[in-house]
Amino acid sequence: MKYKNYPMVSRIIFGRGSFNQLSDIISPKRLNVKAPFIFLVDDVFKGNSWMTSRIPLSYADQLIYVSANEEPKTSQVDELVEQIIVSHKDRPSGIIGIGGGTILDLAKAVSIMITNKGEAKDYQGWDLVKNPAIFHVGVPTISGTGAEVSRTTVLTGPDKKLGINSDYTPFDQVILDPELTKDVPKDQWFYTGMDCYIHCIESLNGTYLNAFSKSYGEKAYELCTEIFVNGNLSDQDSQDKLMMASWHGGMSIAYSQVGVAHAMSYGLSYLLGTKHGIGNCIVFDHLEEFYPEGVKLFKQMKANHQISLPQGICADLDDSQFDIMIDVALGLEPLWENAIGKKWKQVITRDKLKALYQKM
Ligand code: NAD
Ligand code: ZN
């Protein structure tokens, strides 16, 4: 048995209003006045002065608004890197991502691609990155994915949806300010929050489980149930707790793995562009067979918050399209091995996955 030696986020600040300390935190990291900080900001904040007036721009610093309507693509990373390189004489002092999982993943990937040759697609996989990334900071504005703590950045490339998993991927600095999540729309709060809940269920019920993952997974699960059974999105206590649940959920899967919902949701995302949070919910709703207790509570939480999920998204698909989704899902071998065990191929057949997708 060879144990993995993981890097972690080096610095973290937590608290309502801690975003105000951004300038103090990054100033010492400025290399020189020509080496800018690049702020990648979710375009949902365009015109929102409560947020943008606190972004500390000076010298040649640049703010780039990025849409989170679609999940990040390798080509989008390459374009951003190009845009940054042609606009500045010096290599940037750092990249600061402000947004949800989409923006955080883009910030991580851009910081890697500034110092590594070639295209982002060349680095999709495990431990392919050669040079350390530049200084990168993550500021989540919605809680659940765990992207703020993870060692991956999930990207859709020309031929696969796969992360850049590397020791250089984790942020150097994370700012956890739960107040930044106060205006998240209710449906999105639920979908991204459930990403965290599903991380816990898949980690805690997986064959890769160990005391490290269990300790984080149990805490995140406990927080999720407090938030989604008894709390709601507008109470500050729930906002604080969900931000910590996301962190713990991410820590839990760092040392274990996700499972069936994530494998199948990647298929939906690859073919139909279904986003991660809602895609996981659509799949998880049909996984009683694998996670009976988890799915039961999920349905209860869904009802509590009057969330209705899209139905029939696979109704008009043909066989070749089902095959594409099934290929993507089956390609994620560690997820199946974690969920089912070493002999998962005896249980998870193409027909079985097709029957499940047909229900969605
Ligand atoms: P997101 O970043 O896609 O954002 C969802 C929506 O919420 C967007 O419309 C966005 O504009 C909006 N939003 C974000 N913050 C807001 C705020 N404060 N107020 C109002 N609206 C706000 O959502 P997500 O669920 O956080 O991220 C999904 C992405 O994360 C996917 O691309 C997925 O692949 C990735 N992901 C990465 C990891 C990882 O470990 N790297 C893990 C899980 C998911
Ligand atoms: Zn997830």
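The model is a predicted one. Ligand 1 is surrounded by 26 residues, and the protein covers 91% of the 870 Å² of accessible area that this ligand has on its own. Helix α5 is one of the elements that give two or more residues to that shell, and the helix is itself mostly covered.

**Surroundings of ligand 1**

- Of the 26 residues around ligand 1, the closest are G101, T102, S150, T192 and K275.
- Three of these residues approach oxygen atoms of the ligand through their side chains: a polar side-chain atom of K275 lies 2.5 Å from an oxygen atom of ligand 1, an N or O atom in the side chain of S150 is 2.6 Å from an oxygen atom of the ligand, and for T192 the corresponding distance is 2.8 Å.
- The elements that contribute two or more residues to the shell are α4, which spans residues 101-113, and α5.
- Sorted by class, the shell around ligand 1 comprises 10 nonpolar, 10 polar and six charged residues.

- Helix α5 runs over residues 186-204, and its 19 residues reach 27 Å from the first C-alpha to the last, which is close to the 27 Å expected at 1.5 Å a residue.
- Of the 19 residues in α5, 15 are buried.
- Y208 lies in the loop between α5 and α6, the latter covering residues 211-230, and with a relative accessibility of 27% Y208 counts as partly exposed, because that class lies between the 20% limit for buried and the 50% limit for exposed.
- Although Y208 and G341 are 133 residues apart along the chain, their C-alpha atoms are separated by 8.7 Å.

**The sheet of β5, β8 and β7**

- Three strands form an open sheet in the order β5-β8-β7, and the pairing within this sheet is mixed.
- Strands β5 (125-126) and β7 (154-156) stand at the edges with a single partner strand each, so one side of each is left without a neighbour in the sheet.
- Strand β5 runs parallel to β8, which covers residues 161-165, and two bridges join the two strands.
- W126 has N165, in β8, as its bridge partner.

- H248 is found in helix α7, which spans residues 236-254, and its side chain reaches the backbone oxygen of M244 at 2.8 Å.
- The relative accessible area of H248 is 19%, so this residue counts as buried, given that the class is set at under 20%.

**Loop residues with positive phi**

- Most residues other than glycine have a negative phi, and the two residues below are described against that background.
- Y59, a residue other than glycine, has a positive phi near 45°; Y59 lies in the loop between α2 (49-52) and β3 (62-66), and at 60% relative accessibility this tyrosine counts as exposed.
- Q306 likewise has a positive phi, near 50°, and is placed in the loop between α10 (292-304) and α11 (319-331), where Q306 is exposed with a relative accessible area of 64%.

Key:
Residues numbered from 1 in each chain as written. Chains lettered and ligands numbered in written order. Predicted model: local features only at pLDDT ≥ 70, side-chain atom pairs only at ≥ 80, totals over all residues. Heavy atoms only, no water. Pairing = 2+ DSSP bridges. Helix = DSSP H or I, 4+ residues; strand = E, 2+ residues; numbered from the N terminus. Expected span 1.5 Å × (residues − 1). Buried < 20%, exposed > 50% of the residue type's maximum accessible area, 1.4 Å probe, protein only. Near = heavy atom within 4 Å. Polar contact = N/O pair within 3.5 Å; in protein donor to acceptor, adjacent residues only side chain to side chain. Areas by Shrake-Rupley, 256 points an atom, 1.4 Å probe, with all protein chains shown as cover. Nonpolar A, V, L, I, M, F, W, Y, C, P; charged D, E, K, R; others polar.
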